[in-house]
Amino acid sequence: MNAPEKVSKLSAPGMVPEIVEMAIPADERVWVPQAPGVYFRPLMLNTVTGQWWNLLRVTKTGVVSRHRHPSMVCGLVLRGRWRYLEHDWVAEEGGFVYEPPGEVHTLVVDEPTKEMITFFNVNGAMIYVDEQGKTVGYEDVHSKIDMCRAHYAKNGLGAEYVDQFVR
């Protein structure tokens, strides 16, 4: 995917280059651990809008997280299947998911799924809540960048590896 760097004479000065990446990486070190059996792979981390685009990979069964978002979230299931405890549908390979702002949902991966990978576009934040809906933690684009830097520094890719995804 890497091509010689070309700058169009029509591009604005200081324009940040496009990102062209294989979404599912060949190098396992790119996956950032989030919890046991739960990983994410950054694709774009936009510090201006507060959005991030990533792959969520789950290699365990059971509850992944209970959370809500202040803005909409969209997803596309690439592998496996998953569901929310609060709904009667199952998100399967090729399925598109829209999550409305403010809704609390509990992501679950059931047997016999060995691996689930879903592309998500998150706008704003991910707010983790307990069974009563009380906030117990959060993630935003800045905390995601921090998680990436720490993971990549530790695994040999280098903390700056994440910079290619930051806009």
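Trainee: What should I know before we start?
Mentor: This is a predicted model, in which local features need pLDDT of at least 70 and side-chain atom pairs count only at pLDDT 80 or more, while totals for chains, interfaces and linings use all residues. Residues are numbered from 1 along each chain as its sequence is written, and side-chain values use heavy atoms, with hydrogens and water left out.

Trainee: Great, rings then. How many aromatic pairs are there?
Mentor: There are six aromatic pairs. Rings of Phe, Tyr and Trp (its six-membered ring) pair if their centres lie within 6.5 Å; planes under 30 degrees apart count as stacked, over 60 as edge-to-face and the rest as tilted. One of the pairs is W82 with Y84, edge-to-face, at 5.0 Å centre to centre and 70° between the planes.

Trainee: Are W82 and Y84 buried or exposed?
Mentor: W82 is buried, with a relative accessible area of 1%, and Y84 is buried, with a relative accessible area of 1%. Buried means under 20% relative accessible area, exposed over 50%, and partly exposed in between (1.4 Å probe, protein chains only).

Trainee: And why is the pair of Y152 and Y161 edge-to-face?
Mentor: Because their planes are at 75°, with the ring centres 4.9 Å apart. Y152 is buried, at 0% relative accessibility.

Trainee: Which residues do ring pairs link into a cluster?
Mentor: W82, Y84, W89 and F120 are linked that way.

Trainee: What about charges over rings?
Mentor: The rule asks for NZ of Lys or CZ of Arg within 6 Å of the ring centre and within 35 degrees of the ring normal. K144 lies over the face of F40, at 3.7 Å from the ring centre, and R57 lies over the face of Y39, at 6.0 Å from the ring centre.

Trainee: Now the second largest pocket. Which residues lie nearest its centre?
Mentor: Q34, L56, S65, M126 and Y128, from a lining of 21 residues. On a 1 Å grid over the protein atoms alone, a pocket is an open set of points where a 1.4 Å probe fits, with protein on both sides within 12 Å along at least five of seven lines; lining residues have an atom within 4 Å of a point.

Trainee: What is the lining made of?
Mentor: The lining of the second largest pocket divides into 13 nonpolar, five polar and three charged residues. Here Ala, Val, Leu, Ile, Met, Phe, Trp, Tyr, Cys and Pro count as nonpolar, Asp, Glu, Lys and Arg as charged, and the others, Gly among them, as polar.

Trainee: Where does I127 sit?
Mentor: I127 is in strand β11, where helices (H or I, at least four residues) and strands (E, at least two) are DSSP runs, numbered from the N terminus. I127 is buried at 15% relative accessibility. The C-alpha atoms of I127 and G156 are separated by 30 Å, and these residues are 29 apart along the chain.

Trainee: Last one: which residues does a cis peptide bond join?
Mentor: E111 and P112, with omega about 5°. P112 is in the loop between β9 (105–109) and β10.
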